[in-house]
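Visitor: Hey, I've got a structure I'd like to chat through. Can we start with its pockets?

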Amino acid sequence: MKLPRAVLLFLPIGLLAASQSGNIARLGAAPALAIASFRLAIASLILLPLAGRDLRALATLGRRDLVWLALAGAALAGHVFTWIAAVQTTTVANAA
């Protein structure tokens with residue numbers, strides 16, 4: 001199977017970003033909540049153009065699906081916040 005060129009470009013970038021995120025969070029002097037908020041906002045802005053026309057599907061979601069979507073987002077935000085707080089208080093290896 002031949003991989004698309006985008007995979008060959010974005011896979012190393014994603015691997016580097018994921019492997020260094022703990023070190024970057026550890027070096028940050030801002031509170032964990034601020035780092036988590038900025039991190040999720042920047043990721044959303046980067047992924048927004050990739051979603052393209054698929055964002056229109058959000059308008060067709062029912063109330064129940066929107067609640068689940070909001071809960072999933074809150075769980076992700078909570079995870080990122082607690083992980084960054086752990087990285088700032090201990091070593092990156094312990095937090096991972």
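Visitor: By class, what residues make up the lining of the largest pocket?
Guide: Bear in mind that this is a predicted model. The lining of the largest pocket has 13 nonpolar, 2 polar and 1 charged residues.

Visitor: And what volume does the largest pocket have?
Guide: Its volume is about 340 Å³. Among the 16 residues lining the largest pocket, Ala 17, Ser 21, Ile 24, Arg 39 and Ile 42 are the closest to its centre.

Visitor: Which elements give two or more residues to that lining?
Guide: Those are α1, residues 5-27, and α2, residues 32-51.

Visitor: Switching topic: which residues of α3 are buried?
Guide: Val 80, Trp 83, Ile 84 and Val 87 are buried in α3. Val 80 also lines the second largest pocket.

Visitor: What covers the buried residues of α3?
Guide: The cover includes α1, α2 and α4, which is residues 92-95.

Visitor: Last one: how far apart are the end C-alpha atoms of α3, and what span should it have?
Guide: They are 39 Å apart. Helix α3 has 27 residues, 63-89, so at 1.5 Å a residue it should span 39 Å, which agrees.

Methods
Residues are numbered from 1 along each chain as its sequence is written. This is a predicted model: local features need pLDDT of at least 70, side-chain atom pairs count only at pLDDT 80 or more; totals for chains, interfaces and linings use all residues. Side-chain values use heavy atoms; hydrogens and water are left out. On a 1 Å grid over the protein atoms alone, a cavity is a set of points where a 1.4 Å probe fits but cannot get out, and a pocket is an open set with protein on both sides within 12 Å along at least five of seven lines; lining residues have an atom within 4 Å of a point. Grid points are joined across faces, edges and corners, and a volume is the space filled by probe spheres set on the points. Helices (H or I, at least four residues) and strands (E, at least two) are DSSP runs, numbered from the N terminus. Ala, Val, Leu, Ile, Met, Phe, Trp, Tyr, Cys and Pro count as nonpolar, Asp, Glu, Lys and Arg as charged, and the others, Gly among them, as polar. The expected span of a helix is 1.5 Å times one less than its number of residues. Buried means under 20% relative accessible area, exposed over 50%, partly exposed in between (1.4 Å probe, protein chains only). Contact means heavy atoms within 4.5 Å.
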